[in-house]
Amino acid sequence: MTRTPRLLFATVTATAVVALTVGCSHGKNENRKMNASPIGNSAAKAQWFDLTTRIEATQQLVGGDWEVVDSNARPCNEGAVNWTITRIGPGVRTAEREELFDSVEVAWKKNGWEPVRRATGGDAPGLRLRYPASGVLGDGFYVELESTVHGTTIGAQTACAAGDVDQLNREQFAFNNTPGYTPTPAASPTALAPTPPAP
């Protein structure tokens with residue numbers, strides 16, 4: 001699968017996209033205190049690697065080019081962090097969509113997720129696969145796939161886990177450790193000017 005060479009880590013941007021993706025389905029949990037996993041200082045990084053690897057596998061099932069619009073690390077409890085993950089990919093033809101979702105559902109169930117499939121309406125009807133069916137789990141986790149003929153979006157949130165939010169963002173941990181993507185200096189969120197051409 002080819003990947004669009006664009007990786008964005010902006011909290012405002014990611015929040016906007018996630019809001020578009022999941023709408024009101026888990027808005028009622030925005031102010032809910034999440035239960036952080038107490039499994040050590042590397043817990044947040046482990047959660048990131050585990051979930052983004054599984055998200056990358058879902059992108060492979062869909063195919064095509066994908067844009068990565070993930071958030072920076074965010075505090076979710078005292079001494080704990082999480083990330084929101086948003087991937088934007090190609091549309092899927094109506095005739096192929098059910099078969100694709102069958103494949104994704106099988107893969108997700110192997111992950112221990114029990115997703116619920118629903119049809120979506122509007123000008124471009126499609127399908128949505130989500131676990132849990134609404135809201136988030138007690139640790140803040142959710143994952144969602146939505147697809148129409150115009151585009152496919154994957155939205156997810158890592159489980160709240162122990163980690164230093166400032167340190168993780170200083171080292172741009174998520175940006176530099178996204179499965180299926182190799183960042184370049186020009187793509188870095190801190191690179192404000194384009195890389196000059198070679199003489």
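Hi everyone, let's start at Val 92: leaving aside neighbours within four places in sequence, Val 92 is in contact (heavy atoms within 4.5 Å) with Val 62, Arg 97, Leu 100, Ser 147, Thr 148, Val 149 and Thr 152. This is a predicted model, where local features need pLDDT of at least 70 and side-chain atom pairs count only at pLDDT 80 or more, while totals for chains, interfaces and linings use all residues. Residues are numbered from 1 along each chain as its sequence is written, and side-chain values use heavy atoms, with hydrogens and water left out.

So, is Val 92 buried or exposed? Val 92 is buried, at 7% relative accessible area; buried means under 20%, with a 1.4 Å probe and protein chains only. Val 92 lies in the loop between strand 5 (84-89) and helix 3. Helices (H or I, at least four residues) and strands (E, at least two) are DSSP runs, numbered from the N terminus.

Val 143 touches, among others, Ile 55, Trp 108, Trp 113 and Leu 129, not counting residues up to four places away in sequence.

Finally, an open sheet of three strands runs in the order 3-4-10, with antiparallel pairing; strands pair if DSSP finds at least two bridges between them. Strand 3 (74-77) and strand 10 (161-162) are at the edges with a single partner strand each, so one side of each has no neighbour in the sheet.

Methods
Buried means under 20% relative accessible area, exposed over 50%, partly exposed in between (1.4 Å probe, protein chains only).
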